[in-house]
Amino acid sequence: MYLHKPGHISYDVLSDMIYNSGLVILKISPAGEILYSNNYFESVFGYKHDEIIGKSFTDIIFNISDNDTAEVQTTKPNDILNNVGHRQFEIASRTKNDEIHWFFWQISPFNHPSTDKHMGYYCVGQEITHRKRIETRLAESEKKLNDFVNLLPEIVFEVNANMQITFINQRCIDFVGYSKDDFLQSKVHLKDIIIPEDFVRMN
C-alpha cells in the first residue's frame with residue numbers, strides 16, 4: 001500500500017478534481033486550440049470531448065453578436081491570447097444547443113519551466129448567467145422607474161452626502177433651465193438651484 005505524505009495530492013486525484021470541478025478549466029495551445037477541457041465545459045457547451053479538442057477557443061466563446069444580449073461585449077478575440085500576462089473578462093457565448101451562457105474568464109499564459117518557452121494558456125471560467133440575468137432585470141426595472149418619474153408633473157431629484165445631484169427628472173430640468181449633463185457632471189450644485197435661506201435649512 002502506498003500512502004501519500006500529508007499535504008500531497010496524487011496526480012490521479014488532482015486530475016479527477018479538475019475534470020469534475022464546478023468551474024470550466026481549459027488548456028489552450030499558443031495558437032489558440034483547445035488541448036484539454038474538463039467535464040463542466042463539455043456539459044455546459046454541449047460538446048463531446050472529441051468535438052472540442054483541437055478547436056479554436058475564441059471561435060467557441062466569441063460566437064454571438066451584440067444583438068443577442070442586452071449588453072455590448074467589449075472584449076474581442078485578439079485581446080486575450082497574446083501572451084502579455086493574466087487577463088480576465090466577462091462574455092456571453094452561444095452553446096451547441098443554441099443557449100446563451102455568461103462566463104467570467106481568467107486566462108494566464110504559461111511557459112516551459114526549463115526553457116521559458118511560451119507553451120500556451122490556462123483558462124478558468126465561472127458561469128455567471130444567473131447574475132447577469134438579475135442585472136438585466138434590475139436595469140429594466142430602473143429604466144421603467146426613471147421613465148415614470150420623468151412623466152411626473154412634480155420636481156424630483158436625488159442628492160448624495162455632498163449635496164451633489166445624482167438624479168433629476170425632466171420636470172426639474174425644464175424648470176431650472178440647466179441640461180441633464182450639467183447636473184450629472186457636477187457642473188451644477190444643489191445650492192445653485194435652491195435659494196440661500198432654504199439651502200441653509202436643508203443642511
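Predicted model: local features only at pLDDT ≥ 70, side-chain atom pairs only at ≥ 80, totals over all residues.

Entry 1: I began with tyrosine 122, which is partly exposed because its relative accessible area is 44%. The rings of phenylalanine 110 and tyrosine 122 form a stacked aromatic pair, with 4.2 Å from centre to centre and 20° between the planes. Phenylalanine 110 belongs to strand 4 and tyrosine 122 to strand 5, so the pair ties together parts 12 residues apart in sequence.

**Entry 2: the other aromatics.** How many aromatic pairs does the count come to? I get six aromatic pairs. One of them joins phenylalanine 45 and phenylalanine 103; their ring centres are 5.6 Å apart and their planes are at 25°, so I logged the pair as stacked. This pair links distant parts of the chain, since phenylalanine 45 sits in helix 2 and phenylalanine 103 in strand 4, 58 residues apart. Are phenylalanine 45 and phenylalanine 103 buried or exposed? Both phenylalanine 45 and phenylalanine 103 are buried. I also found that Phe41, Phe45, Phe57, Phe103 and Trp105 form one aromatic cluster.

**Entry 3: the nonpolar cores.** I then turned to packing. The largest nonpolar core holds 20 residues, and Leu26, Phe41, Phe57 and Trp105 have the most contacts inside it. Which elements give two or more residues to this core? My list reads strand 1 (24–28), helix 2 (39–45), helix 4 (57–61), strand 3 (87–94), strand 4 (100–111) and strand 5 (118–127). Another core lies apart from that one; it has 10 residues, including Met163, Ile165, Ile168 and Phe183.

I gave tryptophan 105 a closer look. Leaving aside neighbours within four places in sequence, tryptophan 105 is in contact with residues including Val24, Leu26, Phe41, Phe57 and Ile61. Arg87, Gln88, Phe89 and Ile91 are also among the contacts of tryptophan 105, as are Cys123, Val124 and Gly125.

**Entry 4: salt bridges.** My search of the whole structure turned up seven salt bridges. In one of these, glutamate 90 meets arginine 131, and the closest N and O atoms are 2.7 Å apart. Glutamate 90 is in strand 3 and arginine 131 in helix 5 (residues 129–151), so this bridge ties together parts 41 residues apart in sequence. Glutamate 90 is partly exposed at 30% relative accessibility, and arginine 131 is partly exposed at 35%.

Lysine 132 pairs with glutamate 135 at 3.6 Å between the closest N and O atoms. The two are three residues apart in helix 5, so about one helical turn separates lysine 132 from glutamate 135. Lysine 132 counts as buried because its relative accessibility is 4%, whereas glutamate 135 is partly exposed at 35%. I noted that Glu90, Arg131, Lys132 and Glu135 are linked in a network of salt bridges.

I also logged arginine 94 with aspartate 98, a salt bridge of 2.9 Å from N to O. Aspartate 98 is exposed, with 52% relative accessible area.

**Entry 5: a surface patch.** Ile9, Val13, Leu14 and Met17 make a nonpolar surface patch of about 360 Å². Valine 13 is in helix 1 (residues 11–19), and its relative accessible area of 41% makes valine 13 partly exposed.

Conventions: Residues numbered from 1 in each chain as written. Heavy atoms only, no water. Core = buried A, V, L, I, M, F, W, Y, C linked by side-chain atoms within 4.5 Å. Buried < 20%, exposed > 50% of the residue type's maximum accessible area, 1.4 Å probe, protein only. Helix = DSSP H or I, 4+ residues; strand = E, 2+ residues; numbered from the N terminus. Contact = heavy atoms within 4.5 Å. Patch = residues over 30% accessible without salt bridge, like charges linked within 9 Å, V, L, I, M, F, W, Y side chains within 5 Å. Areas by Shrake-Rupley, 256 points an atom, 1.4 Å probe, with all protein chains shown as cover. Salt bridge = Lys/Arg side-chain N within 4 Å of Asp/Glu carboxyl O. Phe/Tyr/Trp six-rings, centres within 6.5 Å; stacked < 30°, edge-to-face > 60°.
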